[in-house]
Every structure is written in structure tokens, then in C-alpha cells.
Amino acid sequence: MRQNIFTNNQRPPSTIKDKTQQQVLPNYPLLLNKTQSTPTQEIKSNYPFSSYGTSTLNTQSQQTSAIEYYNQKQYPSQINYQQQQSGMTTSLSTTQKTPSTISTMTQSQPEQYQQKSMINVSKGICGLRNIGNTCFMNSVLQCLLNVPAFNEHFLNGDYLKDLNSKNSSVPNEYSKLVATIRNTPNFQSIAPYGIKSAVEIVMPCFKGYAQQDAQEFLVGLLDGLSLGLNRVKNKPFYKEMNDNLNGRTLQDLSKEWWDYSKSRENSLVLDYFQGQLLHSIKCCICSNSSYAFDTFQDTSLAFTRAFKILEDMDLDRLLDKYVIEETIDDYYCSKCKKHQKVKRKFTIWRLPHILMFHIKRFDYRRFSSDKLNHRVKFPLELDMTKFIQDSLDQSTKNCQYSLCGIVNHSGTLYGGHYTADSKNPYNQKWYRYNDSDVREIDIKQQRYDTDGSSSPYILFYARKSLY
Ligand SMILES: [Zn+2]
């Protein structure tokens with residue numbers, strides 16, 4: 001079952017969280033953020049629901065007012081901008097020309113023509129102003145806003161049929177944001193106050209204007225959407241899931257776990273972002289096997305001591321490590337009734353439409369916390385076939401993914417800046433979003449697949465069938 005972030009609503013410092021994970025899985029290099037092995041906890045019971053009035057956006061006039069809503073918000077002048085101190089571009093008002101716009105005007109005639117054509121056919125290429133150290137949020141939003149197909153549910157009002165009136169703030173604000181961006185001329189920028197406030201209700205740790213972790217914001221945003229769009233209105237009680245086959249196949253068992261998970265939480269977020277992971281353990285003494293199928297959302301790929309510390313890495317190798325079998329010397333076997341040596345293996349069982357890889361660059365395990373600036377190589381086209389070969393219910397066709405977004409982090413653990421590269425789903429062109437500044441980039445020139453880069457922090461891949 002997917003562990004909900006609201007369990008650590010009183011969010012501990014990331015250092016503590018990572019140390020805890022490290023203690024639980026001392027030798028396992030690749031940790032899943034969002035899983036738990038047994039569905040025994042009532043994970044949302046402590047969630048502080050805030051009453052939030054239903055505010056829907058289902059007419060054109062309301063969508064227009066959403067634009068005014070965003071544009072009328074005043075840009076705070078009292079905020080100390082880390083980005084300004086470090087020379088990063090921050091924001092421009094919507095009426096100012098962004099650097100991208102200016103450069104467009106000085107381009108040669110054919111390029112100018114090309115740019116104009118693109119503006120006519122493609123919407124949604126819009127900067128997000130930095131409203132106070134919010135580059136962590138802007139970079140995540142720019143990736144999510146360019147996920148193919150997903151945002152159409154918010155644009156056409158389809159999401160409203162699942163909307164939970166008590167938790168409507170995140171879905172409604174996200175919908176307003178999608179609509180506002182689609183209705184803003186390309187290469188201008190808007191201030192994303194509404195979505196920030198909405199996520200703050202769900203995750204109070206994002207209140208204020210401190211620097212935050214982009215991956216934690218991504219988790220908070222998706223959980224806010226999932227909560228507000230959960231199709232399950234009356235959850236069944238928790239039950240212990242079978243962890244052995246009892247004569248059935250793994251296919252049967254996986255379906256049982258998946259159906260149970262969906263009986264409690266079933267939303268657009270699950271439709272697009274959640275997959276299933278098989279966690280199998282086999283006792284080396286009695287051969288007793290147990291299985292748990294966890295729902296996963298984002299996959300955390302960590303650099304560990306298993307690798308030479310200065311070694312560059314590629315996504316393929318990180319994933320190989322993810323599914324490798326390992327031996328654990330001291331694990332409780334329910335058949336032997338004592339701790340034994342076991343073999344443990346993670347298998348990606350069911351792939352989501354959108355695969356998100358979190359590259360764990362922030363290392364809190366050493367004596368001094370540090371950021372790991374390893375270069376990571378990753379492909380523009382990703383074939384996941386070999387990683388789910390144990391799972392027989394996935395066709396090869398469904399294993400083909402295209403890179404659609406990158407959250408980049410530059411700087412250190414204590415001060416840095418986030419930007420996003422993402423692929424517009426309509427014109428298939430790539431843009432670099434640096435808060436309010438947007439410019440087109442040639443993704444092939446970045447040479448991510450051959451030279452790699454030290455800045456990618458979260459990678460988004462979309463199933464090719466979504467385009
Ligand atoms: Zn045993």
C-alpha cells in the first residue's frame with residue numbers, strides 16, 4: 001500500500017527521515033519513498049482536514065476570471081530572494097517582455113516566423129514568477145503542467161466529477177493554474193500564489209518562503225490532488241493482505257493487492273502516476289517465500305557506497321541496482337519462527353503512465369551532509385521491458401517511454417536553485433523554465449544520454465502512447 005505523506009505531516013527534517021530509512025534498509029541502495037509493506041496502519045487518521053469551501057471552475061467565464069485572479073495578485077516586494085543574491089533571474093510582470101520574448105524579436109526572419117507559428121498552435125509556454133524562494137515549486141509545476149493527457153482532465157472540467165468538496169482546494173487551484181497558463185500568451189509569466197496556498201493547507205510545512213525540497217513538494221502536490229479527487233467516498237476497513245500464494249499465481253496475488261489498494265484510494269493520480277512493486281522474500285533455510293505488492297509513485301534512486309563515490313552513473317545502471325536480488329543475514333522468517341538469512345528482491349510489476357525518478361543527491365548519511373554532484377546519463381527514449389520481465393501482464397508496447405520533464409538543481413545543499421526542462425506535449429519542443437524566464441532549448445544538444453549532467457534531480461518519463 002502506498003504510504004501517505006500525511007503520516008509525517010509534522011515533517012521531520014530531511015536528515016532524520018533519511019537516517020531512518022537507512023536504518024531500516026541498511027544495505028539497500030534504492031529506497032522507495034512511498035511504500036509500506038503491510039496495510040496495517042490507518043494512514044490518514046491524523047490528517048488535519050481543513051474545511052475548504054467548494055469552488056469549482058467549470059465555465060469559460062470562470063476560467064477567464066482565474067486569469068485575472070492570478071494576474072491581479074501583487075508581487076511581494078519585501079521578500080529576500082536567494083535567487084537574486086545568486087544572480088538568478090527572478091520575475092517580470094506579465095506586461096514586461098521576458099528575455100525570451102526579446103531574443104525572439106532579434107532573431108532572423110525565418111526563426112521569427114517559426115516562433116510565431118508555434119505561438120499560434122501551441123499554448124501553455126508560460127513562466128512562473130518566483131514569489132519568494134519558490135523555484136522548487138515552479139520547477140515541479142512546469143514538469144507536471146507538461147505531462148501529456150493528464151492536464152486535459154483539469155482543462156475540460158472532467159476532474160469535477162471526482163471532486164471531494166472537503167478537499168477541493170488543491171484540485172481547484174491546480175485547474176485554475178492549468179487554465180490560466182493556457183490562456184496566457186506564450187513566454188509571459190504568472191504568479192502561482194493560489195496553488196502554493198492550497199498545498200500549504202495540505203502540507204503546512206510549505207508555509208512561508210523558505211527554500212524547500214522539490215521532490216517533497218511534488219509528493220505533497222500529488223497527495224493533495226489524490227485526496228481531493230479520490231473516487232472512494234466510503235473506505236473499507238483495513239485488512240491484512242495475503243503474503244503467500246496458497247496455490248495461486250503471482251498474477252492473482254498482484255491483482256488482489258491492486259484491487260484492495262484501489263478500493264481505498266482511486267483517483268486521477270493513481271491513473272497516471274502509480275504503479276505496483278513486488279517485494280519478495282525467500283528464506284534461505286526453509287525456502288518459505290512471502291510477497292508484498294506495494295503501490296509506488298516516485299522511485300528514489302540513490303547513489304550509495306556500493307558505487308565508487310566519484311563514479312558517474314546512468315539511469316539504466318541505477319535501475320539494474322534497483323531490481324537486483326540481495327541477501328539479508330538477519331530477517332524474521334514466519335515459518336522458521338526465527339531470524340534467518342533471506343534473499344530479498346524488488347520487482348517492478350505494474351508500470352504507471354508517468355514514471356518519475358528521484359535522484360537522491362542530498363546525502364545525509366555521512367558525517368557532514370552533502371550534495372552528490374555525480375553526473376547521471378539518461379536516455380530521451382526509455383525502454384522498461386527488461387525491468388519488468390518477471391511480470392507477465394505487461395505488453396512490450398507499454399514499456400516504451402519518452403522523457404518529458406527534468407527538475408534540475410544547481411548549487412549546494414544549503415543554497416541552490418531549481419529550474420525545469422520540459423517538453424511541450426503539443427509541439428514536442430523542449431523549453432527551459434527558470435522561474436519567469438522561458439526559452440526554447442535543443443534537448444539533443446544537452447547530450448544527457450551521452451555526457452550526462454550533474455544537475456538533474458527528478459526525471460519524468462511519459463508512456464509514448466499518451467502522445
Ligand atoms: Zn525459514
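These are my notebook entries on what I looked up in this predicted model.

**Ground rules**

I am working from a predicted model, in which local features need pLDDT of at least 70 and side-chain atom pairs count only at pLDDT 80 or more, while totals for chains, interfaces and linings use all residues. Residues are numbered from 1 along each chain as its sequence is written, and side-chain values use heavy atoms, with hydrogens and water left out.

**Entry 1: the chain overall**

I looked up the secondary structure and found 13 helices and 18 strands. Helices (H or I, at least four residues) and strands (E, at least two) are DSSP runs, numbered from the N terminus. Next I looked up burial: of the 467 residues in the chain, 55% are buried. Buried means under 20% relative accessible area, exposed over 50%, and partly exposed in between, with a 1.4 Å probe and protein chains only. Then I looked up contacts, meaning heavy atoms within 4.5 Å. Taking contacts between residues at least 6 apart in sequence, 74% join residues at least 24 apart.

**Entry 2: the zinc ion**

Which atoms are the protein donors of the zinc ion? I found C283 (SG), C286 (SG), C333 (SG) and C336 (SG), at 2.2 to 2.3 Å from the zinc ion. Donors are N, O and S atoms within 2.8 Å of the metal (3.2 Å for Na, K and Ca); water is not among the atoms, so sites may look incomplete. The angles at the zinc ion run from 104 to 117° for the 4 donor atoms, so the arrangement is tetrahedral. Four donors count as tetrahedral if all angles lie between 85 and 135 degrees.

Along the chain the spacing of the donors is C-x2-C-x46-C-x2-C. C283 sits in strand β3 and C333 in strand β7 (residues 326-333), so this pair ties together parts that are 50 residues apart in sequence. I checked the accessibility of both: C283 is buried at 2%, and C333 is buried at 4%.

**Entry 3: helix α11**

Which residues of α11 are buried? I listed L253, S254, W257, W258, Y260, S261 and R264. Seen down the axis of α11, these buried residues fall within an arc of 160°, so they line one face of the helix. The arc is that of the directions from the helix axis to the C-beta atoms. The buried residues of α11 pack against α12 (268-273), β3 (275-283), β4 (289-296) and β8 (338-350).

**Entry 4: helix α8**

Helix α8 (residues 169-182) has 14 residues and reaches 20 Å from its first C-alpha to its last, close to the expected 20 Å. I counted 14 of its 14 residues as buried.

**Entry 5: salt bridges**

How many salt bridges does a search of the whole structure find? The search finds 15. A salt bridge here is a side-chain nitrogen of Lys or Arg within 4 Å of a carboxyl oxygen of Asp or Glu.

I looked at D320 and K386, whose side chains meet in a salt bridge at 3.6 Å, N to O. D320 lies in helix α13 (residues 315-323) and K386 in the loop between β13 (381-383) and β14 (400-411), so the pair ties together parts 66 residues apart in sequence. D320 is partly exposed at 33%, and K386 is partly exposed at 41%.

I then took K464 and E381, with their closest N and O atoms 3.0 Å apart. K464 is partly exposed at 36%, as is E381 at 44%.

D451 and R447 also form a salt bridge, at 2.8 Å between the closest N and O atoms. Salt bridges that share partners join D162, R231 and D271 into one network.

**Entry 6: positive phi**

Most residues other than glycine have a negative phi. I noted K337, with a positive phi near 60°, in the loop between β7 and β8. K337 is exposed at 60% relative accessibility. I also noted Q428, with a positive phi of about 65°. Q428 lies in the loop between β15 (416-423) and β16 (430-434) and is partly exposed at 39%.

Methods: Tetrahedral: all angles 85-135°; square planar, octahedral: opposite > 155°, others 65-115°. Expected span 1.5 Å × (residues − 1).
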